[in-house]
Amino acid sequence: MTLSIDHFYILVGLLLAAVAIMNLVDRSNPRRFTTALFWGLYALLYLAGEALPLAAVGALMIGMALLAGFGGVKAGQPKAMAPEARQASAARLGNRLFIPALLLPLVTVIGATLLKDVQLGGLPLLDPAHITIVSMGCGAVVALIAACWLTRATPLQGVREARRLVDAMSWAVVLPHILAVLGLLFSEAGVGKAVAHLTTTYIGLDSAFIAVAVYCLGMALFTIVMGNGFAAFPVMAGGVGIPVLVGVYGANPAVMAAIGMFSAYCGTLMTPMAANFNIVPAALLELPDKNAVIRAQIPSALPILVANIFLLYFLMNL
């Protein structure tokens, strides 16, 4: 039997279902019913998303957005180790605490390189279509086993810690998933063609420098809106990068794509929509200002974005 990405979807779905149940029975959570419903709906998407009608999947995501938007997702007070016990365990383990974290990338690399051609019974061991993601899933399982062995804890404690992290990150956990869908929606809706029409109609792209500036700034702005550079890329590449920079000015497609994505990452540094980069760290560190990470990154993001415009202008014809 081939180990596929669907097996890890089931694991993620079961973990989210456990988070939902733990929140449901946690009377310290002021919104335990709506919080449990939110994570239960998300679990259902992983467990049965492929079997559900597309309209039902869309309705579930809209329901989750409404629950989060109206403040229905709150954190409870999950059971955790006492600070004294946590410090004693950390002192006992020392640097061995890093072993599970290091096993995750190690197993991922081994699976994606050394095991990619391994077969059992004539079938590939790991799904070749999603070899890296499946290998990362295997690495996560191996890391969990190693963590339980090192800390002498049970997998249930791992689930409790997962619930604690999910509660801390709240609805922002779902944002990358939704933003990826938004990028596909923009692509299917022809937003790239609309951008191409607007830029060629209302902006004078007879100057190569202006075209480069529009492309790089557009990559950053669309990323700020969507929170995902990979979602912004098909819009701006299809609207300006390919038809104007490559088609008109003969830009090297590889240079156009690479520096364009770098410009998009500048937008990532400046937006709360990139919650997994900018909002989640502030929540995990319990910073009083949830936008503290963004405020610290803007002075770096803006000069880099300007530098990208000049880099692309001078390097695009190499």
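Let's start in a helix. Glu-161 and Arg-164 form a salt bridge, with 2.8 Å between the closest N and O atoms. By salt bridge I mean a side-chain nitrogen of Lys or Arg within 4 Å of a carboxyl oxygen of Asp or Glu. Both residues sit in helix H7, residues 155-169, and they are 3 residues apart, about one turn. Helices here are DSSP runs of H or I, at least four residues, numbered from the N terminus.

A word on the source. This is a predicted model: local features need pLDDT of at least 70, side-chain atom pairs count only at pLDDT 80 or more, and totals for chains, interfaces and linings use all residues. Numbering runs from 1 along each chain as its sequence is written, and side-chain values use heavy atoms, leaving out hydrogens and water.

Back to that pair. Buried or exposed? Glu-161 is buried, at 18% relative accessibility. Arg-164 is partly exposed, at 32%. The cut-offs: buried is under 20% relative accessible area, exposed is over 50%, partly exposed is in between, with a 1.4 Å probe and protein chains only.

How many salt bridges does the whole structure have? The search finds 4. Asp-167 and Arg-163 are both buried.

Next, Arg-295 and Asp-289. Their side chains meet in a salt bridge, 2.8 Å from N to O. Arg-295 is exposed, at 55%. Asp-289 is partly exposed, at 28%. There is also a network: salt bridges with shared partners join Asp-26, Arg-163 and Asp-167.

Now the surface. Phe-209, Val-306, Phe-310, Leu-311, Tyr-313, Phe-314 and Leu-315 make up a nonpolar patch, together about 620 Å² of accessible area. Patch members have over 30% relative accessible area and no salt bridge; like charges are joined within 9 Å, nonpolar side chains (Val, Leu, Ile, Met, Phe, Trp, Tyr) within 5 Å. Areas are Shrake-Rupley, with a 1.4 Å probe; for residues, only the protein chains shown count as cover. Where does the largest share come from? Helix H15, residues 292-315, gives 6 residues. Leu-315 belongs to that helix, and is partly exposed at 31%.

Last, cysteines. There are 0 disulfides, a disulfide being two cysteine sulfurs within 2.5 Å. For Cys-148, the nearest cysteine sulfur is that of Cys-138, 17 Å away. Cys-148 is buried, at 14%. For Cys-266, the nearest is that of Cys-216, at 8.8 Å. Cys-266 is buried too, at 2%.

Terms used: Helices (H or I, at least four residues) and strands (E, at least two) are DSSP runs, numbered from the N terminus.
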